[in-house]
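Hello, and welcome to this structure. Here are some notes to read alongside the sequence and the model, as numbered points.

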Amino acid sequence: MKINNNIIDKALGAYLGFAIGDALGATTEFMNENEIKHTYGVHRKIIGGGWLHLEAGNITDDTQMCLYLGNSIIDNNGFDEKKVAIYFLNWMKSKPIDIGHTVRRGLVNFRKTGHCEVPYSEYAAGNGACMRNLPIILYCLKNWNNFRDLTIKQCHITHNNKHSDAITIAFGEITKILIETSDKEKAYNFVINFIDKHPKYNFLNYRGENSGYVVDTFKIVMHYFFNNNTFYDILLPIVNKGGDCDTNGALAGMLAGALYGRKGLYKGWLKKIKKEIKRDIE
């Protein structure tokens, strides 16, 4: 596939949108709606703080792991699961601001055994593998036949679970459609077919789920993405739901950025992202 400027703009929009959702949602992560309303009224600005005490414009493990995965591909001229695992391990050694329990267990397993695939677990259905998969999506735009295999390999470094696998792949397929076609209806049709096959993931009966369970992440992101029509309006309600809203916001920002491109990002939020993070993404 020829990579044109429009594709690059959409890819950049997806990546910067991801970082925006991460930075915006970090402030209200693990709060509930009433706590957010009492503290902020409506949380509208990238101000940092939250339980991680972030600087305004900084990002969490979500964007950090994306960057480490992407750098492993760039530095090694392609995807190598062992090198990805080494990069993730180096990230963990850097004492990141946050790291999920399942991610930590997976990386400790790799350090001890040298194996890049953790055993299957029903308890590994968090969104930690899904949140970092954007570099694989972008890398595979040139040859989409590799996408499923590489996604599963990067997921299984820490998360070997059927729900994590299925939803991570689905997010990739949706993002590809949006980057390449700008066709939200086509993306919607893909999702409807997907939930026909997986009724458990049906977002049409969304009831306010906002946790780090990957099924809840899928539901909240799809609900607000398909029911709102600007980058701002898609992200705002998600980060005001609380729960795991840095990851939920990041993945929603990825889809919205893929649809609207860099020019469609909310400029007030984009300006607040730290310059070095934007540079690393670009």
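1. Let us begin with K176. K176 is buried, because its relative accessible area is 18% and buried means under 20%, exposed over 50% and partly exposed in between (1.4 Å probe, protein chains only). Its side chain meets that of E180 in a salt bridge with an N to O distance of 3.0 Å; a salt bridge is a side-chain nitrogen of Lys or Arg within 4 Å of a carboxyl oxygen of Asp or Glu. E180 is partly exposed, with a relative accessible area of 28%. Both residues sit in helix α8 (residues 162-181), and because they are four residues apart, about one helical turn separates E180 and K176. An α-helix has 3.6 residues a turn, so residues three or four places apart point the same way.

2. Before going on, a word on how to read these notes. The model is predicted, so local features need pLDDT of at least 70 and side-chain atom pairs count only at pLDDT 80 or more, while totals for chains, interfaces and linings use all residues. Residues are numbered from 1 along each chain as its sequence is written, and side-chain values use heavy atoms, with hydrogens and water left out. Helices (H or I, at least four residues) and strands (E, at least two) are DSSP runs, numbered from the N terminus.

3. How many salt bridges does the rule count? The count comes to seven. One of them joins K153 and D149, at 3.4 Å from N to O. Both lie in helix α7 (residues 147-156), four residues apart, about one turn of the helix. K153 is partly exposed because its relative accessibility is 29%, and D149 is partly exposed as well, with a relative accessible area of 41%.

4. Another salt bridge links the side chains of R279 and D280, with 3.6 Å from N to O. R279 is exposed, having a relative accessible area of 55%, whereas D280 counts as partly exposed at 46%.

5. What K10 does have is a polar contact of 2.3 Å between its side chain and that of S182. A polar contact is a pair of N or O atoms within 3.5 Å; within protein, one must be able to donate a hydrogen and the other to accept it, and residues adjacent in sequence count only if both atoms are side-chain atoms. Leaving aside neighbours within four places in sequence, K10 is in contact (heavy atoms within 4.5 Å) with residues including L178, I179, G257 and Y260.

6. Now for the open space. The largest pocket has a volume of about 610 Å³ and is lined by 19 residues, of which Y15, I74, L138, Y139 and I281 lie nearest its centre. Two or more lining residues come from each of α1, α3 (61-75), α6 (134-140) and α14 (275-281). On a 1 Å grid over the protein atoms alone, a pocket is an open set of points with protein on both sides within 12 Å along at least five of seven lines, a cavity is a set where a 1.4 Å probe fits but cannot get out, and lining residues have an atom within 4 Å of a point. Grid points are joined across faces, edges and corners, and a volume is the space filled by probe spheres set on the points.

7. There is one cavity of 30 Å³ or more. Its lining includes F18, C130, L134, F171 and M254, and α6, α8 and α12 (245-260) each give two or more residues to that lining.

8. F30 has a positive phi of about 75 degrees although it is not a glycine; F30 is in the loop between α1 and α2 and is exposed, with a relative accessible area of 55%. K95, also not a glycine, has a phi near 60 degrees. K95 is placed in the loop between α4 (81-93) and α5, and at 74% relative accessibility K95 counts as exposed.

9. Finally, the helix ends. At the start of helix α2 (residues 33-40), a side-chain oxygen of N32 reaches to within 3.0 Å of the backbone nitrogen of N34. After α2 comes G41, with a positive phi near 75 degrees. T113 lies in helix α5 (residues 101-113), and a polar atom of its side chain is 3.0 Å from the backbone nitrogen of H115.
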